[in-house]
Amino acid sequence: MKNLRLKSARAALDLSQEDLAKKVGVSRQTINAIEKGDYNPTINLCKEICKVLGKTLDELFWD
């Protein structure tokens, strides 16, 4: 399932996939795969993404 909430939160801060990837220490392809729903990130990566985007796990990853 696509993660449109992640994509929207990233875009709201005017961050590219590359920008977010650098901030959390992964490749751009990893961020792309998460947004497309092709990759299930670890809880630690989810927490790092949330920290950078100023969101909670509930807001970005859980229904």
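**Entry 1: α2 against α4.** I looked up how helix α2 (residues 17–24) packs on helix α4 (residues 43–53), and found an angle of about 115° with the axes 10 Å apart. I am working from a predicted model. I noted the crossing of α2 past α4 as right-handed. I then listed the contacts: L20, K23 and V24 in α2 meet L45, E48, I49, V52 and L53 in α4. Sorted by class, this contact has six nonpolar, two charged and no polar residues.

**Entry 2: salt bridges.** I searched the whole structure and got three.

I took E35 and R10 to begin with; their closest N and O atoms are 2.6 Å apart. The pair links distant parts of the chain, with E35 in helix α3 (residues 28–36) and R10 in helix α1 (residues 4–12), 25 residues apart. Are they buried or exposed? Both E35 and R10 are buried.

Next I checked E48 with K51, at 3.2 Å between the closest N and O atoms. Both sit in helix α4, three residues apart, about one turn of the helix. I have E48 as partly exposed at 31% relative accessibility, and K51 as exposed at 61%.

D38 pairs with K36, the closest N and O atoms being 3.6 Å apart. D38 is exposed because its relative accessible area, 57%, is over 50%. K36, at 44%, counts as partly exposed.

**Entry 3: K55.** I placed K55 in the loop between α4 and α5 (57–60). Its relative accessible area is 36%, so I put K55 down as partly exposed. Which residues does K55 touch, leaving out those up to four places away in sequence? I found A9, C50 and L60. K55 and A9 are 46 residues apart along the chain, yet their C-alpha atoms are separated by 8.1 Å.

Key: Residues numbered from 1 in each chain as written. Predicted model: local features only at pLDDT ≥ 70, side-chain atom pairs only at ≥ 80, totals over all residues. Heavy atoms only, no water. Axes fitted to C-alpha atoms, helices over the stretch in contact; angles between N-to-C directions. Helix = DSSP H or I, 4+ residues; strand = E, 2+ residues; numbered from the N terminus. Left-handed = near helix turned anticlockwise from the far one by under 90°. Contact = heavy atoms within 4.5 Å. Nonpolar A, V, L, I, M, F, W, Y, C, P; charged D, E, K, R; others polar. Buried < 20%, exposed > 50% of the residue type's maximum accessible area, 1.4 Å probe, protein only. Salt bridge = Lys/Arg side-chain N within 4 Å of Asp/Glu carboxyl O.
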